[in-house]
Amino acid sequence: MKDNRAVRKWEFRFIVVLLLLVHGGVLGQGLRIDPPHWYAGMSGDSLQLILCGKGVGQGRVRLEGADGVKITNQKILSSPDYLFVDLEGIHRIKPQTCTLQLELGGKTQRIPYTFHARRTAEQTGRGVDASDLVYLIMPDRFANGDTTNDRVAGMQQTEIDRTNDIARHGGDLKGIIERLDYLQELGATTLWLNPVQENDQPRESYHGYAITDHYRIDPRLGTNQDYLALADSLKKRGMKLVMDVIHNHWGDRHHLNKNLPDSSWLHRWPAFTRTSYRASTQIDPYASSADAQLMKTGWFDTHMPDLNQEDPVLARYLIQNNIWWVEYAGLDGLRLDTYAYPNEEFVNCCVAELTRVFPLLGLVGVVWVHTVAESAYWVKGNRLNPRPQALPGVTDFPVYRAIMAGLQEAEGWDEGMRRIYYTLAQDGLYGSFPVNHYIFLDNHDVSRVYASLNGDLDRMKMAHAMLMTLRGIPQLYYGSELLMGNHAGLGATNVRQDMPGGWPGDQVNAFKRDGRTRDQNEMVDYIRRLALWRQKNGRLMKEGQLLQLVPENNLYIYFRQLPDRGIMVVVNAAQKAANMPLDRLAELLNGVQAMKEVTTESQQLLNEPWAIPGKSARIYEYQKITQLNQPGRP
Ligand code: CA
């Protein structure tokens, strides 16, 4: 009898503990709120909180201690495991921690919720512009500064294999922080990292484009604090940070995708249906609606569900997340992935709101297209889209393609250097000077520039001379300064090589001069010289008027001009030397007596003929002397 009572007593205690644990799943550790905190005095009056937890949709929330802020709406969508709470009056609240009182199942839970002070003007991002030089890093492949986070228990992908293009390699934020001297010496002013948000996917999680938690840095790259440390280290150096954000899709293992708040959050098809990736369908006046629809609502990949931004609650979630990161890390810019894919009204609202909250924020949309018209369609002030656009700049694929092809072709009516000339001749479609575009020679999705140019160092220099002086914000891709090769294969997984010297035990350390080959040092030095020159000529790069001459004999000449000074860039893509066409320049260089070549620092007088060697580029800087200062000239 006594024994049985003891057993029952233990059974009772066990059941009580079990009930507490189950209950704890509802009200304790299992409850999550997005955003995890917000900012006091944030312009824009409303805030949408998502409470996530089993059955939480049955609850009701009251707000305590947040003067001026009130709850205007609480709702559940199709899943009972979310409660959406709308707050208003946010701009009035002082920095403080208030309390959310959640009443659920007869119990009340008090949940602290903090409104932090916003950053001061000095701590806020300064924006990204044409005086900057952006350096793109794939964080998993740059440097492994912390081997203890290579494998994180509990995550879907825990293996490391540096011999496998689609495996994780172990690079992280600490590795980047430790290499900032290298990047600053190279002349980079701004880092754009491929997405660093959590990607807890079972495969190919390294590239970052299948986000599974919008508010968390992937633990294999570091913590949110590490991201803040990177942002702060950059600020201290006068450098900048751009975050890669994605509105079109997320990873299928996203915590909200595993238990969707509402069925309308995704575009659904009877069977997996891939987008056509044909952005042309959006501007094509003759497109079938099925084609246009497929591009917009087909899935980017099997594990990347297509989001329906027409759902206002999802749209709010995505925009708030962008605002949260910009304020959290004092970001200077966002790179908006797959910009042509989401709902057009949504992306415009998103850009408009970000610009309103952060007037200096540098925003660039990725529009991977082949023509200037398709590019222009998405840009503010363009002459094609009947609906006004908000986006200040795009990734300039037409100029990229023109430079790559033009540098390798013999001259034809529209081939060779003329291809670049013709591409820029269409800039009028943008409606304003497209100085906020990212211009580039490669990125993580296309062949390495050195491969595209068939391993030709001379052409590499010509390409970089144009990259550093044409209109727009130049963007380098990590490792291309080291002449990394590789044509992009399927999925471009093979152009995401490890930086030599980024991993403990690497045989070669290319971060140091003596770890690089002679050619690598020549390229690094060339980029550095131009980058440092650009830093001293920011105004010219931002405001300098572009003027170009029709190329003859594959000799391309263009100018960037301010009223009192400018540069003349000469690219001779022919094999043999070319005489400068002084007669064509007379009008443009009126008032200029001598020029200095930027890469060699040699002087060039204008009263004597001179020639440009074959396969080379020259950048001449000059000051314009007014007529009054030129005694002796008629
Ligand atoms: Ca690591």
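1. A search of the whole structure, which is a predicted model, finds three cavities of 30 Å³ or more. A cavity here is a set of points, on a 1 Å grid over the protein atoms alone, where a 1.4 Å probe fits but cannot get out; grid points are joined across faces, edges and corners, and a volume is the space filled by probe spheres set on the points. The largest cavity has a volume of about 60 Å³, and its lining (residues with an atom within 4 Å of a point) includes Pro 139, Asp 140, Arg 168, Tyr 206, His 207 and Asp 218.

2. Residues are numbered from 1 along each chain as its sequence is written, and side-chain values use heavy atoms, with hydrogens and water left out. Local features need pLDDT of at least 70 and side-chain atom pairs count only at pLDDT 80 or more, whereas totals for chains, interfaces and linings use all residues.

3. The calcium ion is coordinated at 2.3 to 2.5 Å by Asn 144 (OD1), Asp 146 (O), Asn 149 (OD1), Asp 150 (OD), Gly 170 (O) and Asp 172 (OD); donors are N, O and S atoms within 2.8 Å of the metal (3.2 Å for Na, K and Ca), and since water is not among the atoms, sites may look incomplete. Asp 150 and Gly 170, 20 residues apart, both lie in the loop between strand E9 (134-137) and helix H2 (173-178), helices (H or I, at least four residues) and strands (E, at least two) being DSSP runs numbered from the N terminus.

4. Gln 320 belongs to helix H6 (residues 312-329) and is buried, with a relative accessible area of 2%. Its side chain reaches the backbone nitrogen of Gln 48 at 2.7 Å. Leaving aside neighbours within four places in sequence, Gln 320 is in contact (heavy atoms within 4.5 Å) with Pro 35, Trp 38, Leu 47, Gln 48 and Tyr 215.

5. Helix H9 (residues 397-406) is mostly covered, with eight of its ten residues buried, among them Phe 397, Tyr 400, Ile 403 and Met 404. These buried residues of H9 pack against helices H8 (372-376), H10 (417-425), H11 (449-452) and H12 (457-467), and against strand E16 (438-440). At the start of H9, a side-chain oxygen of Asp 396 comes to within 3.0 Å of the backbone nitrogen of Val 399.

Key
Buried means under 20% relative accessible area, exposed over 50%, partly exposed in between (1.4 Å probe, protein chains only). A polar contact is a pair of N or O atoms within 3.5 Å; within protein, one must be able to donate a hydrogen and the other to accept it, and residues adjacent in sequence count only if both atoms are side-chain atoms. On a 1 Å grid over the protein atoms alone, a cavity is a set of points where a 1.4 Å probe fits but cannot get out, and a pocket is an open set with protein on both sides within 12 Å along at least five of seven lines; lining residues have an atom within 4 Å of a point.
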